[in-house]
Amino acid sequence: MTDCAAEIRRIIAARGPISIAEFMAVALTDPEAGYYVRRNPISGDFITAPEISQIFGELIGVFLVQAWEDRGRPGQILLIEMGPGRGTLMADVLRAARVRPGFLHAAGIHLVEVSPVLRAAQQQALGQHRVSWHSSIGEIAPDAPAFIVANEFFDALPVRQFVRSGGAWRERKIALDGNRFYFCLDAAPAPAQMIPHHLRDAPDGAVFEFSGPSHALARELAVRVVRTGGVALIIDYGHVQSGLADTFQAVRAHRFADPLAMPGDADLTCHVDFAALRAAALEGGAEVSGPVPQGRFLRALGIHARAEMLKRDAIAYAATIDSGVERLVSDAQMGSLFKVMGLSRTADAPLPGFAEC
Ligand code: SAH
């Protein structure tokens, strides 16, 4: 088995400094040594919304069932999840959807997952359902309306960084000193079109981040939904406007770590630029709803009523249910840092959960 740091050192020795995106791609998804490929990081290194409370996945289920009904209950659909982690969200979606057997009957379940370790966990979580796995969404034939969910998927996609320095934009790269990785700036200025117009004259020190794979995927989801009907729901932490901040970070054992210190052994992410995703989805021809703050979205879907129902059935867990809900919706926790964006066809009914409330 190769080790990730050794693999990256080999690449830099052969080709010179690499972009942050290339570093992330190897560190996270190298087929032999990548962070996601070798382990199940969820709960050991970080925790995600579906793992905090079953209500999260149940409300996504309610959202999907409602969107399916609003689209005339198509008799065959592709229920697709991007990066399903432990499979908890999909299991909760399918449980909530039991109220509409027609939805479950119509749905072929497709999981897009690189990690064999996580595929095994998903298999276990979804035991009684027939599921197919794919390495990319492009492998799923667009032969039925798609109902797609991506929770904390885009933040793991590789990002390039550009830094304003000496009146020019230069790409931030990663170089090698002995065995140690360090950041450097490309000597050549970055092509002007890499930086959005309104940010081009930012002051020295400004950092612009761009994720090519996120742009391509948001566009691909849009094109698919426009072509076949359905909906794509993207949930992640990030900003509504393209900003000028360095958000490249590593998390290990619930703490921030040095992103260059342990490639393959720490989660590497960047905040999602929802303005960029929106632009990509519009390019793909979709109607875009949001982004809205996660707290608002979950409240609109009835999180508090659902919590009350659950507490009636599980009174001993009332405090845990309440603290899970609080964590998902409060502004101090996930409620406003996390955003929700929906893609659909312009002619279709508006998506549930996005209306002003
Ligand atoms: N959605 C889950 C897990 C989020 S972690 C949850 O909310 O709990 C990110 C997930 O995406 C993991 O399942 C990881 O293995 C997968 N993943 C990361 N990069 C990927 C890629 N490039 N292609 C496919 N899956 C990927």
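The lining of the largest pocket divides into 19 nonpolar, 8 polar and 6 charged residues. Here Ala, Val, Leu, Ile, Met, Phe, Trp, Tyr, Cys and Pro count as nonpolar, Asp, Glu, Lys and Arg as charged, and the others, Gly among them, as polar. This is a predicted model, where local features need pLDDT of at least 70, side-chain atom pairs count only at pLDDT 80 or more, and totals for chains, interfaces and linings use all residues. Residues are numbered from 1 along each chain as its sequence is written, and side-chain values use heavy atoms, without hydrogens and water.

A pocket is an open set of points on a 1 Å grid over the protein atoms alone, where a 1.4 Å probe fits, with protein on both sides within 12 Å along at least five of seven lines; lining residues have an atom within 4 Å of a point. The largest pocket holds about 640 Å³ of space, the volume being what probe spheres set on the points fill. Among its 33 lining residues, M82, G83, F153, A156 and L157 are the closest to the centre.

Now helix α1, residues 4–15. Helices are DSSP runs (H or I, at least four residues), numbered from the N terminus. Which residues of α1 are buried? They are C4, A5, E7, I8, I11 and I12, buried meaning under 20% relative accessible area and exposed over 50% (1.4 Å probe, protein chains only). They sit on the same side of α1, because they cover an arc of only 160 degrees around the axis, taken from the directions from the helix axis to the C-beta atoms. On the other side, A13 and A14 are exposed.

Note on methods:
Helix = DSSP H or I, 4+ residues; strand = E, 2+ residues; numbered from the N terminus. Expected span 1.5 Å × (residues − 1).
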